[in-house]
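Trainee: Hi, could you walk me through this one? I'm new to reading models.
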Amino acid sequence: MPINRRKFLASASAGLAAASLPLSARGADSANKEALREKYARLDAILKKPVLRRELFTSPVIIETVELLRYQNNFLCRVRSKDGAVGYSASNNSPMIAVWPVQVNRLQDFFLGKDARDLEAVMEEAYVHQSNYKMQSLALWVPMATIEFAILDLLGRIAGLPLGLLISDRIYNPAVKVYRANGERDNSAEEVLANLIRDVETSEAKALKLKLGGRMSHPEYPSGRSEKLIPMVRAHFGDKMVCMADANGSYDVAEAIKFGQLLQEYKFAFFEEPVPFDWYEETKAVADAVDIPLAGGEQEASMHAFRWLIANDALDIVQADMYYFGGLIRSMKVARMAQAMGKTHVPHISSGLGYLYMVHFVSAIPNAGEFHEFKGLTNPASLPYTCATSTLTTEGGFVTVPTGPGSGIEIDPDFIKKHVVLKRDRGPVAE
């Protein structure tokens, strides 16, 4: 049975109007203007509520050192408190290769001497410090997330709690149901299908996601691959398989609507990034024209933009990335806004240990989607660790969320010793 976008929203949030609001309040009738104002007021109240459970810590946790460690192209963050507690995180190595000086030169020292219990406020202050807000996007938020993950790991070890219970008072999802994603765009539809069949069998996943178009408005090659692939996938896997599609901003509004209707016909569960990610009004236009739920937000860096996308029903499923959006605390605020408006959160995950932080996050939110992407490490030797409470692999289509303190993993000490501490350039910092 095809998924109806309006029914999807109505079932998720009883009492919310199913009719979409206009693109902006300007020119709308008085009733719609007032409805939008009420939505914004509700979201603003949510954004003011703290996320980190400060009450878990009765004594100050003063940060003494924040260090970024590098071995080849691997980056780890190590945080120590004055009482000797230690926390670690693994960064998203791909962007960090380019942006690590932002963490070392502009962010780390700001956290020194601060009380880790005030992490939420300190991160907001760091955003403004030395005009760091001018670098908003991956250049700022990946280093900020890297520091946040390490501090949360430290706090979790002090409290004896996993990351999820630092940002939520209960665990909603102790195991995460996963989907298998295929990222191929240059292969034929037949080759993509063959690889999907192999990967689904290996992972025992009950859901899958495929790529459409040529990525960010680039022409698709081979031409016509997407139109051919959609019915082929449904025909092979049948109606019991949950199928999703990601265009990565490949289309304009007209093309996006055409593919949205095709995906509806073949009972796909959602359509991700039909138009370029920062085309907010165009995303809204597509949402108004199709019934299939729209997903997006993996590239989003702005809390205010998420607020707009959620209030104006441009997205049904939000996808903040733990690294790209600056960590678990900021992502939790997005999840809360989405929940208030009857929407789900299916976080995008990056490389490195992105899947670890993702499962902790999903464990802590009541409005998580049914299925989540799980990549794991393509080369376990690139970041050796042990986990006493989870294999952190797919078992029967699920991944068990670690229940140990902090991140729940222990990075190999010998591997850590291979790293060097990156030093700050003490030259002037431009305002």
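Trainee: What is the mean pLDDT of the protein?

Mentor: The mean is 92, and 92% of the residues reach 70 or more. pLDDT is the predictor's confidence in each residue, from 0 to 100. This is a predicted model, so local features need pLDDT of at least 70 and side-chain atom pairs count only at pLDDT 80 or more, while totals for chains, interfaces and linings use all residues. Residues are numbered from 1 along each chain as its sequence is written, and side-chain values use heavy atoms, with hydrogens and water left out.

Trainee: Where does pLDDT stay under 50?

Mentor: Over residues 6-23. For that stretch the model has 38 contacts beyond four places in sequence, where contact means heavy atoms within 4.5 Å.

Trainee: OK, on to the sheet. What is the strand order?

Mentor: The order is β3-β2-β1-β15, an open sheet of 4 strands with antiparallel pairing. Strands (E, at least two residues) and helices (H or I, at least four) are DSSP runs, numbered from the N terminus. Two strands pair if DSSP finds at least two bridges between them.

Trainee: Which strands stand at the edges?

Mentor: β3 (86-90) and β15 (420-421) do. Each has a single partner strand, so one side of each is left without a neighbour in the sheet.

Trainee: How many bridges join β2 to β3?

Mentor: There are 5 between β3 and β2 (residues 74-81), and the two strands run antiparallel. Leu-76 stands opposite Ala-90, and Arg-78 has Tyr-88 as its bridge partner. β2 and β3 form a hairpin with 4 residues between them, and Gly-84 in the turn has a positive phi of about 95°.

Trainee: Which helices lie across these strands?

Mentor: Helix α3 (residues 93-111) lies across β1 (63-71) and β2, at about 160° to β1. Helix α5 (residues 138-159) lies across β1, β2 and β3, at about 140° to β3. Axes are lines fitted to C-alpha atoms, for helices over the stretch in contact, and angles run from 0 to 180 degrees between N-to-C directions.

Trainee: At what angle do α4 and α5 pack?

Mentor: About 160°, with their axes 12 Å apart. α4 and α5 are therefore roughly antiparallel to each other; angles under 35 degrees count as roughly parallel, over 145 as roughly antiparallel, 65 to 115 as roughly perpendicular and the rest as oblique.

Trainee: Which residues of α4 meet α5?

Mentor: Leu-119, Met-123, Ala-126 and Tyr-127 do, and their partners in α5 include Trp-141 and Glu-148. The residues of this contact of α4 with α5 divide into 9 nonpolar, no polar and 1 charged. Here Ala, Val, Leu, Ile, Met, Phe, Trp, Tyr, Cys and Pro count as nonpolar, Asp, Glu, Lys and Arg as charged, and the others, Gly among them, as polar.

Trainee: And how do α11 and α12 pack?

Mentor: Helix α11 (residues 303-311) and helix α12 (residues 328-340) pack at about 15°, with axes 10 Å apart. That makes α11 roughly parallel to α12.
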